[in-house]
Amino acid sequence: MASKSKKPAAPSAPGIDIGISEKDRRKVAEGLSAFLSDSYTLYLKTHNFHWNVTGPMFNSLHAMFMTQYTEQWTALDEIAERIRALGFPAPGSYAEFVKLSSIKEEQSPGGLDWQGMVRQLVSGNEAVCRTARKVIKTAEGAGDDPTVDLATQRLQIHEKYAWMLRSLLE
């Protein structure tokens with residue numbers, strides 16, 4: 001009887017050694033997961049309002065919402081990839097996003113006028129800002145400069161969006 005030769009096991013990937021402890025990477029990844037969830041929830045709300053806005057501000061808001069949700073869509077990937085680079089899975093289901101997001105569902109767009117939509121988006125952008133600030137503090141404590149940079153850039157964008165949207169209501 002011929003003996004079957006065993007195929008050597010594939011070498012496993014080396015452990016993550018990027019100068020940040022696993023405990024700190026986990027804390028940062030958890031913060032980024034909440035940040036991703038807030039960002040995705042805001043993206044979805046912005047896209048929804050783009051589809052459903054009506055009234056005298058239709059043209060300008062339809063275009064503004066599209067600009068914002070398109071930019072937000074690209075950012076989602078950057079946030080998720082940072083979580084993966086830290087060695088943890090990124091949340092990716094609606095159930096996970098609902099659980100982790102600080103942005104709660106509000107009145108559906110069918111019952112909202114354009115001002116109500118804008119108010120919700122101001123609130124959503126500000127929620128993303130608050131979550132970004134938490135991530136920045138956690139990442140700073142861990143010495144995680146790439147996450148600090150990513151969250152700082154996102155913070156600047158969402159502060160600008162909140163300001164631009166709020167100015168429509170003044």
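Reply: Rings of Phe, Tyr and Trp (its six-membered ring) pair if their centres lie within 6.5 Å; planes under 30 degrees apart count as stacked, over 60 as edge-to-face and the rest as tilted. This is a predicted model: local features need pLDDT of at least 70, side-chain atom pairs count only at pLDDT 80 or more, and totals for chains, interfaces and linings use all residues. Residues are numbered from 1 along each chain as its sequence is written, and side-chain values use heavy atoms, with hydrogens and water left out.

Me: How many aromatic pairs by that rule?
Reply: The count is 5 aromatic pairs. In one of them, Y40 and Y43 have ring centres 5.7 Å apart and planes at 55°, so this pair is tilted.

Me: Which residues form the aromatic cluster?
Reply: Y40, Y43, Y69, W73, Y94 and F97 form one cluster.

Me: New topic. How do the axes of α1 and α4 cross?
Reply: At roughly 165°, coming within 9 Å; α4 is residues 114–142. Angles over 145 degrees count as roughly antiparallel, so α1 is roughly antiparallel to α4. Axes are lines fitted to C-alpha atoms over the stretch in contact, with angles from 0 to 180 degrees between N-to-C directions.

Me: And confidence?
Reply: Mean pLDDT (the predictor's confidence in each residue, from 0 to 100) is 93 for the protein chain, and 96% of its residues reach 70 or more.

Technical notes. Helix = DSSP H or I, 4+ residues; strand = E, 2+ residues; numbered from the N terminus. Parallel < 35°, antiparallel > 145°, perpendicular 65-115°, else oblique.
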